[in-house]
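Dear colleague,

Please find the structure we discussed below, followed by an account of what was found in it. I would be grateful if you could read the two side by side.

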Amino acid sequence: MKTIKIDIQQYFIIIVLFELGSAILVGLGMDAGRDAWIAILLGMVSGMVLFLGYFYLYKQFPEQSLTQYLQILFGKSIGKLFGFLYLMYFIYLAARVLRDFGSLLLSAVFVQTPIIVVNALMIATIVYVLKLGFEVLVRTGEIIFTLVVLLGITLAVLVLSADLMKYNYLLPVLGQGFLPVLKAAFPVTPTFPFGEMVVFTMLFPYLKTSKKSKVLTVGLFAIMLSGLILSVTVAMDIAILGGHVATHVYFPLLAAVAKINLGEFIQRLDALVVFTLIIGGFFKISVLFYVAVKATQDIFGVKEEKMLIGPIGIVLILSSIVIAANYVEHITEGLSIVPHFIHIPFQVVLPSLFIIVFLLRRKKLKSFASSPSTSTE
Amino acid sequence: MRNRRKRPIIRTHKKLTDMLADKKHDDPSSLRSKTISMETSKRQETAEKVVGELSPILHVMVDRVKTLLGDPMDLIVREFEFELEQKVTATLLFLEEMNDPQILNEFILSPLMSLSSHKQSSPVSVDHALHYIKQNALALGRVLDVETEDELVEALLAGFSVLLVEGNTKGLKLGTTGGKVRGIEEPSSEVVIRGPKDSFTESIKTNISLIRRRVRSKDIRIEKFKIGEVTHTDVAIVYLGNIANPLLIKEIKERIEEVKTDGLLESGQLEEFIQDETVTVFPQFLNTERPDVVIGNLLEGRVGIIINGTPFVLIAPAQFIQFFQSSEDYYMRYDISTFLRLLRFSVFIISLIAPSIYIALTTFHQAMIPTTLLFGIAAQREGVPFPAIAEALVMEITFEILREAGIRMPRAVGVAVSIVGALVLGQAAVQAGLVSPAMVIVVGITAVASFAIPSFAVATSARLLRFPLMLISSVFGFYGLTLALIVIIAHLSSLRSFGYPYLSPFAPIQTQDLKDSLFRFPITKLFKRPEKLSKKNQTRTQPYSVKKKREEETTR
């Protein structure tokens, strides 16, 4: 079977696109009011700490993905159970992001279109791309990345030249002290999008690199870059809309960019943002989708991953619709339930558990882990 | 000149052959009986003779060739005699229009027929006549032995003349190929303002010579193949042995050798056989009729595939970005070249998505149109009963029809077509309220844009993709358009041309190669050949010494 190999620069691009994908759309850390951007930076730092944990696990099992080394760590049956939980998590994440995008499009453009149609079109696209292979997705990502960078720069220039930002909206910095910011930042902000890096535990083995340290530095750098972009974007949203409005709009970036009006000619650029967001969303869902496919393949021992793409696509379309009755419910779940009861267990608790178990069983595992690793080589 | 001289000669040929044939019947010389006995003894020795062996008896052989070829009217059988020890009968066979009569007369017939006057130092027996002639009498470069009937017939069909001598089981094929071929003209499909003005012709020999003349390298390799059970078309691959990747060469050879078909008339047919992916609208080979383009690509480690009978030479592997490059880019200053490349690329994008954007804007995203313009468009569309997509489809299809008609029509009628197209379909359709003027503009831009793409092959891809894009943006607006573009990008990045990623140097990114992609850096900065194509021999330009100091400052 042909193994996929990802370059280190491609890996960087996937992380950035993945992190920005849907996070740039919704207001992050908006509980902190006008200090949301600080909350994001805090989240970024703790996200980097989480990444260190994932990286530690990868270092111990450089040839295996998460669902594979769980089976070594806990033995076949319990490992598969944990793997299955993660599979559910990945599918849920993908469905959530899909729902986010479907809802955005419905509210922005297709007011009368049923959400299933919009979501199905997205999934159809992703199924096509994934059938061509993950490498194709990554290469598509490279081109998309260039496009997104160009669009981002254009938008930034336009925002700056439209003179929309009122910097006093950002003042006073930390007006109510550090505590509200901390409260807003933890535990929600690190989990989304930085903690979602947990999906990369599934992708690490495909990296084409001889130096493991590079994986760490490039990964951290990518997280930092995306964190900074997110933080600046949120600061920009607040400076344009004001802290109060920005925290209460579903899609602050959209609202902010919609205000651009240069000489009565360049206006209503929110469509351009939607375009960027579709691309980002496409990419994020694709990565989650692929990771779900990989997890399924490991757990159920399916030989051909292409067989799974269609069925999981259908699962995604349906689950994206049934996970919430309406958008308000969806967002509320996303803000209050998902981070505490889903993200934290899967991103923090379980990986820590894995590390602890690994440390405890290290000696036993050494003899155990060496046998599968030799068999794969 | 040639033309005028040819006819009378042929007539005399025919008369002569008739006369000789008459003579031959009542002239069963000892020679013949001798050879027959030789023949029979040989037969007995080898028990079963190979069927295709040449017969030493002239008229048997000639009859045999005639039956094999179906006694065609252009087969000339010229019998004559010359003297060695004794009189020897010989026959020259050739297909009339494929040979140069002047060469035949001056370098074959006349020296042979005047052989008797030569003083022979040692008497030559009839059996060695062929060898003797080859050594002494034929003032020609290409003289090769023919041993079987198949070889003989093949040689005739390839434009050689064949000399048979009574009593010999071998013949000689003589390189007297001639006949009319088109001269070297200016390229018709790739016109440049600055740059060489010659182009390939239909003859593979001329084409190879055009390349050879420009590359005086001992490393240039030309390998021949024959494709087509019926047509026996000559195919040659050209590459630079010290640059091109041997694995690539091996792969190309294997793919070409695998082609089994009856005929090969144009490079497009071979292209379809040996391309990597069939289900795609994008060309996977570059085709060109300019020798300088081929050589430029050879220098980058690519391979040229020349097919006899067509001036279009294939270049493999091809990258998407190459279709937006023109050879002129390297002859003009780098700044204007970069500008033109960017322009061509944007023109491709325009011709691909302009109608779709118009449809998406007017159907879904009216808010994005500046208000005054929106009023204008709304007012124009007020009287139009169709949705934007219907309007656009009607106009685009009309345009495609006009375009096709314009190509196939005789030139005189072509003017009428354009008048009908411009006036009746353009203006009248607007006045009749069938389409809005804005739509006509959009279609116009699309059309002009598609003509500005230098490569016809890739312009066709845009042409084909335009329609599905229009349909999807009429249903899903920009959302559908974005997803469709993602699909196109993904498809492009999945394509490979002989194993080389189609979208390189963009995906996967090759920083070094980006210098000569959408941009063209100054030629003094293009040090390397494309990274993946020429692994062993990367450096193409040494830093220009006059500027060396500055170079070092900037690169390090």
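Two residues are in contact if their C-beta atoms, placed from the backbone, lie within 7 Å. On that basis, residues 24 or more positions apart account for 67% of the contacts in chain B with a separation of 6 or more. For chain A the corresponding share is 80%.

The model is predicted, and local features need pLDDT of at least 70, side-chain atom pairs count only at pLDDT 80 or more, while totals for chains, interfaces and linings use all residues. Residues are numbered from 1 along each chain as its sequence is written, and chains are lettered from A and ligands numbered from 1 in the order in which they are written.

The two chains

Helices (H or I, at least four residues) and strands (E, at least two) are DSSP runs, numbered from the N terminus. Chain A contains 14 helices and two strands. The radius of gyration of chain A (taken over C-alpha atoms) is 21 Å, close to the 21 Å given for 377 residues by the globule rule (2.2 Å times the number of residues to the power 0.38), so chain A is as compact as a globular protein of that length. Along the principal axes, the C-alpha atoms of chain A fill a box of roughly 70 × 45 × 40 Å.

A residue is called buried if 20 or more other C-beta atoms lie within 10 Å of its own, exposed if 12 or fewer, and partly exposed in between, with C-beta atoms placed from the backbone. Buried residues make up 48% of the 377 residues in chain A. Chain B has 17 helices and 12 strands, and 37% of its 556 residues count as buried.

Where the chains meet, 23 residues of chain B are in contact with 27 residues of chain A. The chain B side of this contact is made up of 17 nonpolar residues, six polar and no charged. Here Ala, Val, Leu, Ile, Met, Phe, Trp, Tyr, Cys and Pro count as nonpolar, Asp, Glu, Lys and Arg as charged, and the others, Gly among them, as polar.

The sheet β1-β2-β4-β5-β3 of chain B

Two strands pair if DSSP finds at least two bridges between them. Five strands of chain B form an open antiparallel sheet in the order β1-β2-β4-β5-β3. At its edges stand β1 (75-83) and β3 (143-146) of chain B, each with a single partner strand, so one side of each has no neighbour in the sheet. The twist averages 25° from one strand to the next; axes are lines fitted to C-alpha atoms, for helices over the stretch in contact, and angles run from 0 to 180 degrees between N-to-C directions.

Within this sheet, four bridges join β4 (residues 161-165) to β5 (residues 171-174) of chain B, which run antiparallel. V162(B) stands opposite K173(B) in β5(B).

In helix α5 (residues 129-136) of chain B, the residues A129(B), L130(B) and I133(B) are buried. Seen down the axis of α5(B), these buried residues fall within an arc of 100° (the arc of the directions from the helix axis to the C-beta atoms), so they line one face of the helix. They pack against β2 (87-95), α4 (101-113), β4 and β5 of chain B.

The sheet β6-β7-β9-β10-β8 of chain B

Another open sheet of five strands in chain B has the order β6-β7-β9-β10-β8, with antiparallel pairing. Its edge strands are β6 (220-227) and β8 (286-288) of chain B, each pairing on one side only. Three bridges join β8(B) to the antiparallel strand β10 (residues 313-316) of chain B, and N287(B) stands opposite L314(B) in β10(B). Helix α10 (residues 291-299) of chain B lies across β7 (233-240), β8, β9 (303-307) and β10 of chain B, at about 50° to β7(B).

Backbone details in the loops of chain B

A cis peptide bond joins A316(B) and P317(B), with omega about -10°; P317(B) is in the loop between β10 and α11 (334-363) of chain B. The bond from S504(B) to P505(B) is also cis, with omega near 10°.

H232(B), in the loop between β6 and β7 of chain B, has a positive phi near 50° although it is not glycine. With 14 C-beta neighbours inside 10 Å, H232(B) counts as partly exposed. Phi of F498(B), likewise not glycine, is near 50°, and F498(B) is buried, with 21 other C-beta atoms within 10 Å.

With kind regards
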